[in-house]
Amino acid sequence: MTKPPFVHPGMRLPFALLVTCFAAWGIAANMTDPLVQVFSRIFSMTTLQASFVQFAYYGAYFLLALPAAFLNRRYSYRTGILTGLGCAILGAFMFYPAAQAMTFGFFLLALFLLAGGLSILETSANPFVMAMGPEANGTRRLNLAQAFNPVGTNIGVFLAATLILPQLNVASAADRAAMAPEALNAVRQAELQAVMTPYVSFAFVLLAIWVAIALIPMTTRQERTQEAEAPLQFGATLRRLMSNRHYVFGVGAQFFNVAAQTCVWTFTIPYVLVALGGTEAQAGWYLQASLIVFLIARFAMVGLMVLIRPALLLGTMALLGTALCFYAAAVPGLGGVWAVVAVSACLSLMFPTIYGIALHGLGQDTKFGAAGLVMAILGGAVMPLVHGALMDAQGAALAYVVPGLCFLAVAAFGLFDLRHGAGGTRSQASARA
């Protein structure tokens, strides 16, 4: 039997360009994670208040995913990608006036626009990658593309650890409250300039990617086929998706996966500060270690999927993630810190695996199905508020039960797919092809 191509002829350069997009939104997401701690110090806010950084970021993902699906369905994945990049560029540039205004709300607006653009980009790029080759190996192809996302996440954390965190003034909330208004204003101005610099630089990177994609034609066979189909009937599409138990469960699993990921990475620095002491800059290197683990594990998981059914691997790693989070909650200290770091290995395969399995076999409903899975990123907006509130009340360690419980929902989806799945068996067969 002839081995199916991994990518259709003519799609290799577009695939390579899309890989840069996967890295780009990794940079943005993980450069943003430390901002909860950063703004908590700069503006002397509680953890719950500062967690609205993630609410704005992932809330934008939720709100813009469905409009992105309409855009993709009406025009093309490429149009969606260019639109998303354009919006993200605007949001990143807005960090400059936000730094001049020196208000938390202005930064939230900039983050909302940046994340809204990335939502459109991600809603377009993930299914586009799956359409660039045979459906049989779509989940594995998406895992390969997503393997470059942690390259970006490591860059994002590195930028935060080197350009933002070291610039934070060591003055506590009490010290800041005692400062004269002019002195406090000078301290905040220097800190917010440090926040602004990497985001404005990132805008120029996104602009270069936008130009490259604008110059390359990229329409898949699937899209050319769909252009000849009957006009979209959104109501019928929605009913088909909502009646598909496998897809609906996948959306729920993605909600809790992103919730767990956001909680683990957002609150790594506060956890390390409580467990080991030190400064935010020193604690930031443990977050960097987490992302290195994530990067290595992502590539390892792509290889393991040749041998192990994706749903089985997903369920196993989710249960391990629960165990590690509960250990970190129960045993704060050096062991707990390394447990938090190790959780990133469990997270490494989850987003693309849930995504690929849930979308498998949706056919003409894929573009709107993809939007639902991106809207599930709302978990990253909601659960950090729960984590932050529990942290304010009970401490940084005990709050790690929140992502631990989220992993249980992901494990349940893995088990469901093993027993009833539409995508697990066929995905594994494709991995062996």
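This is a predicted model: local features need pLDDT of at least 70, side-chain atom pairs count only at pLDDT 80 or more; totals for chains, interfaces and linings use all residues.

Student: How much of the chain is buried?

Tutor: A residue is called buried when its relative accessible area is under 20%, and exposed when that value is over 50%. By this rule, buried residues make up 58% of the 433 residues in the chain.

Student: What does the radius of gyration say about the overall form?

Tutor: One compares the value with that of a compact globule. For 433 residues such a globule would have a radius of gyration near 22 Å, and the chain has 21 Å, so the two agree. Along the principal axes, the C-alpha atoms fill a box of roughly 70 × 45 × 35 Å.

Student: Which secondary structure elements does the chain contain?

Tutor: There are 23 helices and zero strands. As for contacts between residues at least 6 apart in sequence, 85% join residues at least 24 apart.

Student: How is the chain divided into domains?

Tutor: Domain 1 covers residues 1-216, and domain 2 covers residues 244-422. Their C-alpha centres lie 19 Å apart.

Student: Let us turn to single residues. Is Glu 191 buried or exposed?

Tutor: Glu 191 has a relative accessible area of 1%, and therefore counts as buried. This residue lies in helix α11, which spans residues 181-214. Beyond its neighbours within four places in sequence, Glu 191 is in contact with Ile 42, Gln 167, Leu 168, Asn 169 and Arg 176.

Student: Which residues does Leu 17 touch?

Tutor: Leu 17, found in helix α1 (residues 12-32), touches Ala 212, Ile 213, Ile 216 and Met 218, if residues up to four places away in sequence are not counted. Leu 17 is buried because its relative accessibility is 15%.

Student: Why is Val 251 called partly exposed?

Tutor: The partly exposed class lies between the buried and exposed limits. Val 251 belongs there because its relative accessibility is 21%. Its place is in helix α14 (residues 245-266), and its contacts, leaving out residues up to four places away in sequence, are Gly 372, Leu 373 and Ala 376.

Student: Finally, which backbone angle deserves attention at Ser 44 and Met 102?

Tutor: The angle is phi. Ser 44 has a phi near 55°, a positive value in a residue other than glycine. Ser 44 sits in the loop between α2 (35-42) and α3 (47-50), and is partly exposed, with a relative accessible area of 35%. Met 102, also not a glycine, has a positive phi of about 60°. Met 102 lies in the loop between α6 (95-101) and α7 (104-131), and counts as buried at 17% relative accessibility.

Methods:
Residues are numbered from 1 along each chain as its sequence is written. Side-chain values use heavy atoms; hydrogens and water are left out. Helices (H or I, at least four residues) and strands (E, at least two) are DSSP runs, numbered from the N terminus. The radius of gyration is taken over C-alpha atoms; the globule rule is 2.2 Å times the number of residues to the power 0.38. Buried means under 20% relative accessible area, exposed over 50%, partly exposed in between (1.4 Å probe, protein chains only). Contact means heavy atoms within 4.5 Å. Domain bounds come from an automatic or database domain assignment.
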